[in-house]
Amino acid sequence: MKDFKSNKNIVYSCKYHVVWCPKYRRPVLVNEVEPRLKELLYQIAKEIQVEIIELEVMPDHVHVLLECDPQFGIHKVMKRFKGTTSRYLRQEFPHLKSRIPTLWTNSYFVSTVGGAPLEVIKQYVANQKEV
């Protein structure tokens, strides 16, 4: 049970790999912007009770491996990550306002991570009546 988290009514293990980019995939996540972005993401994650397992910032995209409560939802996590970081980074680094109209694109990539392989789960579900 140590790999699972819980809230007052569910036990879960929901890990996601998420990738998102600055508008026009501009390589603006460099120099002092990179450490500040990481700092903000960890701060936001703590506020919304999301665990960042791994984080890497590239000049033109961000990779995060995280775990979040399924009742909160990955879409709310991303809305908070992108909205808050955009606001603070554009306030602190004015050059981000002049190069691009908004910091982030509207889209992102998300994939679930972990657990048993799909074929094993399919077999488990299919064989439930035989157990």
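A polar contact is a pair of N or O atoms within 3.5 Å. Keep that in mind as we look around this predicted model, starting with one threonine.

**Threonine 102**

This residue, threonine 102, sits in the loop that runs between helix 3 (95–99) and strand 6 (109–113). A polar atom of its side chain lies 3.3 Å from the backbone oxygen of tryptophan 104. Setting aside neighbours within four places in sequence, threonine 102 is in contact with Lys23 and Arg90. Leucine 65 is 37 residues away along the chain, and the C-alpha atoms of leucine 65 and threonine 102 are separated by 24 Å.

**Two residues and their accessibility**

| Residue | Relative accessibility | Class |
|---|---|---|
| Threonine 102 | 37% | partly exposed |
| Valine 125 | 53% | exposed |

Valine 125 counts as exposed because its relative accessibility is 53%, and exposed means over 50%. Its place is in helix 4 (residues 118–126). Together with Ile121 and Tyr124, Val125 forms a nonpolar patch on the surface, with about 320 Å² of accessible area.

**The core**

The largest nonpolar core has 32 residues, and Trp20, Val62, Leu66 and Phe81 have the most contacts inside it. Two or more residues each come from strand 3 (15–20), helix 1 (33–47), strand 4 (51–58), strand 5 (61–67) and helix 2 (74–92). Helix 1 gives the largest share of this core, six residues.

Beyond its neighbours within four places in sequence, tryptophan 20 is in contact with residues including Val62, Phe81 and Trp104.

Technical notes: Residues are numbered from 1 along each chain as its sequence is written. This is a predicted model: local features need pLDDT of at least 70, side-chain atom pairs count only at pLDDT 80 or more; totals for chains, interfaces and linings use all residues. Side-chain values use heavy atoms; hydrogens and water are left out. Helices (H or I, at least four residues) and strands (E, at least two) are DSSP runs, numbered from the N terminus. Buried means under 20% relative accessible area, exposed over 50%, partly exposed in between (1.4 Å probe, protein chains only). Contact means heavy atoms within 4.5 Å. A polar contact is a pair of N or O atoms within 3.5 Å; within protein, one must be able to donate a hydrogen and the other to accept it, and residues adjacent in sequence count only if both atoms are side-chain atoms. Patches are made of residues with over 30% relative accessible area and no salt bridge: like charges are joined within 9 Å, nonpolar side chains (Val, Leu, Ile, Met, Phe, Trp, Tyr) within 5 Å. Accessible areas come from the Shrake-Rupley method with a 1.4 Å probe; for residues, only the protein chains shown count as cover. A salt bridge is a side-chain nitrogen of Lys or Arg within 4 Å of a carboxyl oxygen of Asp or Glu. A nonpolar core is a set of buried Ala, Val, Leu, Ile, Met, Phe, Trp, Tyr and Cys residues joined through side-chain atoms within 4.5 Å.
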